[in-house]
Amino acid sequence: MSFDQTPRRAALLGLLALAGCGFSPLYGDPDARQGLISFDTPDSVAGYRLRVRLEDRLGMATAPRYQAVVTLESDASSATITSEGDTTRFNIVGKASWRLLNSETGAELGKGDVQTFTSYDATGSTVATQTAEADARARLSVALADMIVTRLLLLLRDNGW
């Protein structure tokens, strides 16, 4: 049975080209970064969800070399309003500001802001709307945490981690 080798050859050549240019994956060895960062997040439901997601991605601090301090802000606004003046959809814009500190010296290694939004419908009962809002806020915390993880990994990779 014969089959075309062209896609396989192209994939192999592509991998060789990446190896030759010094490409290294951002995430590297996941075990090498586990538990090196402790997270200080706001004492709120959103802060808890953010910290849980950060620890899911980067591990719970066992012997932290770094400390990430995160603050959160969010603002809900009407996104869709009917001709009768009823709001049927809301946007929640969230912003997280973070700083990465050396745990031993307290020196700031980097800082940044991430921002995103999520939405929810307000067309059901009061309970359904409250549930949709809570779900949207949970999704927002996860999205902000994922954005912070990417920036932390880039920062630490650029500093030899």
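Select T41 and G47 to begin: a polar atom of the T41 side chain lies 3.1 Å from the backbone oxygen of G47. T41 belongs to the loop between strand 1 and helix 3, where helices (H or I, at least four residues) and strands (E, at least two) are DSSP runs, numbered from the N terminus. With a relative accessible area of 13%, T41 is buried; buried means under 20% relative accessible area, exposed over 50%, and partly exposed in between, with a 1.4 Å probe and protein chains only. If neighbours within four places in sequence are set aside, T41 is in contact with G47, L50, R51, L54 and V70, contact meaning heavy atoms within 4.5 Å.

Before going further, note that this is a predicted model, in which local features need pLDDT of at least 70 and side-chain atom pairs count only at pLDDT 80 or more, whereas totals for chains, interfaces and linings use all residues. Residues are numbered from 1 along each chain as its sequence is written, and side-chain values use heavy atoms, with hydrogens and water left out.

Next, select strand 1 (37–40). The covered face of strand 1 carries I37 and F39, while S38 and D40 are on the uncovered one. In a regular strand the side chains alternate between the two faces of the sheet. Strand 1 pairs with strand 2 in the parallel sense over four bridges, two strands being counted as paired if DSSP finds at least two bridges between them. To see this pairing, show I37 together with Y66 of strand 2, which stands opposite.

In what order do the four strands of the open sheet lie? The order is 1-2-3-4, and the pairing is mixed. Strand 1 and strand 4 are the edge strands, each pairing on one side only. Direction ignored, neighbouring strands of this sheet are turned by 25° against each other on average, with axes taken as lines fitted to C-alpha atoms, for helices over the stretch in contact, and angles running from 0 to 180 degrees between N-to-C directions. Helix 3 packs on the sheet, where it touches strand 1 and strand 2, and its direction makes about 170° with that of strand 1. Helix 4 lies across strand 1, strand 2, strand 3 and strand 4, and runs at about 155° to strand 4.

Move to strand 2 (residues 66–81), which runs antiparallel to strand 3 and is joined to it by 15 bridges. Q67 stands opposite L101 in strand 3, and A68 stands opposite L100. The hairpin of these two strands has five residues between them, and G85 there takes a positive phi near 95°.

One place to look is N91, opposite S119 in strand 4. This hairpin, too, has five residues between its strands, and G106 in the turn has a positive phi of about 80°.

Stay in strand 3 (residues 87–102) and pick S97. The side chains of S97 and D113 are joined by a polar contact of 2.5 Å; such a contact is a pair of N or O atoms within 3.5 Å, and within protein one must be able to donate a hydrogen and the other to accept it, residues adjacent in sequence counting only if both atoms are side-chain atoms.

Finally, select the largest nonpolar core, which has 25 residues, with I37, W98, L100, I148 and L152 making the most contacts inside it; a nonpolar core is a set of buried Ala, Val, Leu, Ile, Met, Phe, Trp, Tyr and Cys residues joined through side-chain atoms within 4.5 Å. Helix 4 gives the largest share of this core, 10 residues. Centre on L100, whose contacts beyond four places in sequence include I37, A68, L109, L152 and L155.

Zooming out, the protein has four helices and four strands, in the pattern α-α-β-α-β-β-β-α along the sequence. Of its 161 residues, 27% are buried.
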